Amino acid sequence: MNLTTKTMIATASILLALSSASGIPAEAAAAKPQSKTKATPGKNNLELQKKEAMAIHSSPKNPGDLTVMYDGTDNTLSYNFLSINSAKYEDYLNLLSDHKAPELKQPAWLPEGYVFQSGEISPPYFHFLSQAYQDMLEKLKTEAKGKKYVAKKLNWSEAGEAAIVFAQEKDIIRISAKRVQPLITEITRVPGKGEKFEKLSLDGIQAIFSTGSNAVYSTKLTWEDTENQLEYEIATYRKSPLTKEDLVAIAESILQE
């Protein structure tokens, strides 16, 4: 009998003795160390799922492309899309019609010197507290069939947002109209860090004038058209020469159209 054979017999005897003392079968005691290696394929499979989903979700997109990704580790969705842009106002108006976008046109009044720079149409994407988001979440969870990550391209026929940008030299005014979905619970919007809110009335409609955020467009005037389920926003840079009164005048000209 060589040394290797003696070692194997000794090891088996030790396992048998330990299993007899603890009440665990020898076969289970011998197999226990292998359980560590069985976790690796599961982890690798999860990483592969995420990699495959991200390849779809983060892939280069054509204007108008929209993807959604389901993350089963925290039960959430993320949207990724590329807007459709136009540098001509007439083309932008055609995009509004072609994609059934909110009817956002040039306001009747703008501060002197500001001219049309671009128009933008964006696919629909949903707030996480909306019923539409929850419906999509349940749909992808079902399609995932137990997977923790899955992504897919979505087809859409009705745009979620329209926006127009006007410029005077380096200053910008961005005006947008976004569809809002009914929420499953009421929420109260609160200012972010450094941001300040001021409540205003636009022809009897409640609006919020916000300043001081770290966003690119840090000064905003926002209000809702509840009848048509649209949220309007007029936004400018932090250092814009335009005043609150200028933004209110633009908003009132939109409401009067």
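**A walk through a predicted chain of helices and strands**

Let me begin in the loop between α5 and β5, where K145 is found; helices and strands here are DSSP runs, helices being H or I of at least four residues and strands E of at least two, numbered from the N terminus. K145 is exposed, with a relative accessible area of 75%, where exposed stands for over 50%, buried for under 20% and partly exposed for what lies in between, with a 1.4 Å probe and protein chains only. Phi of K145 is near 50 degrees, a positive value in a residue that is not glycine.

Before going on, a word about the basis of all this. The model is predicted, so local features need pLDDT of at least 70 and side-chain atom pairs count only at pLDDT 80 or more, while totals for chains, interfaces and linings use all residues. Residues are numbered from 1 along each chain as its sequence is written, and side-chain values use heavy atoms, with hydrogens and water left out.

Now the chain as a whole. Its secondary structure comes to six helices and eleven strands, and of its 257 residues 36% count as buried. The accessible surface is about 16000 Å², with 53% of that belonging to carbon and sulfur atoms; such areas come from the Shrake-Rupley method with a 1.4 Å probe, and for residues only the protein chains shown count as cover. If we take contacts, meaning heavy atoms within 4.5 Å, between residues at least 6 apart in sequence, 59% of them join residues at least 24 apart.

Three strands form it in the order β2-β1-β5, with antiparallel pairing, where two strands pair if DSSP finds at least two bridges between them. Why is one side of β2 and of β5 left without a neighbour in the sheet? Because β2 (76–81) and β5 (149–153) stand at the edges, and each has a single partner strand. Neighbouring strands of this sheet are turned by 15 degrees against each other on average, direction ignored; the axes are lines fitted to C-alpha atoms, for helices over the stretch in contact, and angles run from 0 to 180 degrees between N-to-C directions. Strand β1 (residues 66–71) pairs with β5 over five bridges in the antiparallel sense, and the bridge partner of D71 in β5 is Y149. Across β1, β2 and β5 lies helix α5 (residues 131–144), which runs at about 100 degrees to β2. In the loop between β1 and β2 we find N75, which has a positive phi of about 60 degrees although it is not a glycine, and which counts as partly exposed at 33% relative accessibility.

β7 and β11 pair in the antiparallel sense over seven bridges, with I234 in β11 as the bridge partner of I175. Seven bridges also join β10 to β11, again antiparallel, and these two strands form a hairpin with four residues between them, in whose turn Q229 has a positive phi of about 55 degrees. Another hairpin is formed by β8 and β9, with two residues between them and a positive phi of about 50 degrees at D203 in the turn.

Helix α6 comes next. At 1.5 Å times one less than its number of residues, the twelve residues of α6 (residues 244–255) should span 16 Å, and its end C-alpha atoms are 17 Å apart, which agrees. Buried residues in α6 are L247, V248, I250, A251, S253 and I254, and the buried residues of this helix pack against β7 (171–179), β8 (196–202), β9 (205–211), β10 (219–225) and β11 (230–236).

Leaving aside neighbours within four places in sequence, I173 is in contact with residues including L110, F166, I234 and I250.
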